[in-house]
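Here is a short briefing on one protein chain. Please look over the sequence and the model before reading on.

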Amino acid sequence: MSKKKILGLTCLIIIMLGLGVSSGAIIANHHRPAVEEQSNNKQSSETGKKHHKKAESKSASSSSAKTASEKFDDLPQKTQIALLVNHHAIINNMTPHTNTHYSLYAGVPDKMVIHNDGEGGGAAVDPDHTMLVNDNHDGSFTYATPKTSETSLMMADASNSWWENYATTQKATLLKEYSSSKDTVDEIASEVDLSMSSESFRYYVSVNQTTKPATADDGTNNDIDSDDYDSDDDTDYDDDADYDDDADYDDSDDEEQSDDDYYVRKAREPNADYYLPDGTHMHNDDQGNSYNVDTGDLIGKGGSAGN
């Protein structure tokens, strides 16, 4: 083969190789944006999934973080009542009554009367044993205590008694007290009776009576008025009547009858038979339950003295 032909063939090969390299470069450059686009789309998708998971996690965390009010409302009703009883004792510097019986009267919306009727048939107006709790629907409760214008609690009735607000507490506070007094609260809860919870407080004073009744004694009605006596009274009294000045009159029973403690003791005494100042004939059975002898009504569920 002549040198001229060899040189021509060599040039042709070089030209063909050059065209092949150029074509490969063009194809490679055309394919790179598509690959980069797929990579970017994959990264964007993964980023979106991460943000979505974070949003779901944040939402779940938010729904699980309940408020104090919600946590209180989730407690059993007896535990809620027991916390209110326990707080009542705390703010009155008392030890909560245990080994007793608590009746709940919640027949009036947003008003609950918690009555400790397990320590004898004593006066239902006793502030240590009876409380009215108002649900304010803002995470708080307001306590009211029974008041009467009578000097003897046993004489209290609708004409001379009312409820008076005296303290407000938060559900959050009750929850804190539960954590520090759980054993006591749980014991009280075991003594709460909900069988009357659909009824209104059945004793003398309505839960809506929050002011002193106009009929209440203001403390002056028992004063002696000279106008009550007739100066022309011509009753013939026997000045010669023989009175024994040395007679030993025992008025201790009258004094004892006027003592509220006497009635509390009698209410707790099994098989006791006695009369209240208003003449009501009372009798206890051997369990200390107090009954109105004339009507047969159960006045209170009692227990032995010292409970």
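A salt bridge here is a side-chain nitrogen of Lys or Arg within 4 Å of a carboxyl oxygen of Asp or Glu. By that criterion, the whole structure holds three salt bridges. The model is predicted: local features need pLDDT of at least 70, side-chain atom pairs count only at pLDDT 80 or more, and totals for chains, interfaces and linings use all residues. Side-chain values use heavy atoms, with hydrogens and water left out, and residues are numbered from 1 along each chain as its sequence is written.

**Overall makeup**

- The chain has seven helices and ten strands. Helices (H or I, at least four residues) and strands (E, at least two) are DSSP runs, numbered from the N terminus.
- The chain has 307 residues, and 31% of them count as buried. Buried means under 20% relative accessible area, exposed means over 50%, and partly exposed lies in between (1.4 Å probe, protein chains only).
- Accessible areas come from the Shrake-Rupley method with a 1.4 Å probe; for residues, only the protein chains shown count as cover.
- Among contacts in the chain with a separation of 6 or more, 54% are between residues 24 or more positions apart. A contact means heavy atoms within 4.5 Å.

**Salt bridges**

- Aspartate 73 pairs with lysine 171, with the closest N and O atoms 2.8 Å apart. Aspartate 73 is in helix α2 and lysine 171 in helix α4, so this pair ties together parts that are 98 residues apart in sequence.
- The two ends of that pair have these accessibilities: aspartate 73 is partly exposed at 43%, whereas lysine 171 is buried at 7%.
- Aspartate 74 pairs with lysine 66, and their closest N and O atoms are 2.8 Å apart. Aspartate 74 is partly exposed at 49% relative accessible area. Lysine 66 is partly exposed at 42%.
- Aspartate 186 pairs with lysine 182, with the closest N and O atoms 2.7 Å apart. The two are four residues apart in helix α5, which separates them by about one helical turn.
- Aspartate 186 is partly exposed at 28% relative accessibility. Lysine 182 is partly exposed at 42%.

**Helix α4 and its cover**

- Helix α4 covers residues 171-180, and its buried residues are Lys171, Leu174, Glu177 and Tyr178. Seen down the axis of α4, they fall within an arc of 115 degrees, so they line one face of the helix. The arc is that of the directions from the helix axis to the C-beta atoms.
- An α-helix has 3.6 residues a turn, so residues three or four places apart point the same way.
- On the other side of α4, Lys176, Ser179 and Ser180 are exposed.
- The cover over the buried residues of α4 includes α2 (68-74), α3 (77-91) and α5 (182-189). It also includes strands β4 (140-148) and β5 (161-170).

- Strand β3 (residues 130-135) has five of its six residues buried, so it is largely enclosed by the rest of the structure.
- Strand β2 (residues 111-116) pairs with β3 in the antiparallel sense over five bridges. Two strands pair if DSSP finds at least two bridges between them. Isoleucine 114 stands opposite methionine 131 in β3.
- Strands β3 and β4 run antiparallel, joined by four bridges. Asparagine 134 has threonine 142 in β4 as its bridge partner.
- β3 and β4 form a hairpin with four residues between them. In the turn, histidine 137 has a positive phi of about 60 degrees.

**Surface patch and loop**

- Ile90, Ile91 and Tyr166 make a nonpolar surface patch of about 230 Å². Patches are made of residues with over 30% relative accessible area and no salt bridge; like charges are joined within 9 Å, and nonpolar side chains (Val, Leu, Ile, Met, Phe, Trp, Tyr) within 5 Å.
- Tyrosine 166 lies in strand β5. Tyrosine 166 is partly exposed, at 33% relative accessible area.
- Asparagine 93 lies in the loop between α3 and β1 (102-105). Its phi is near 55 degrees, a positive value in a residue other than glycine. Asparagine 93 is exposed at 75% relative accessibility.
- Asparagine 99 lies in the loop between α3 and β1. Asparagine 99 has a positive phi of about 55 degrees although it is not a glycine, and is exposed at 53% relative accessible area.
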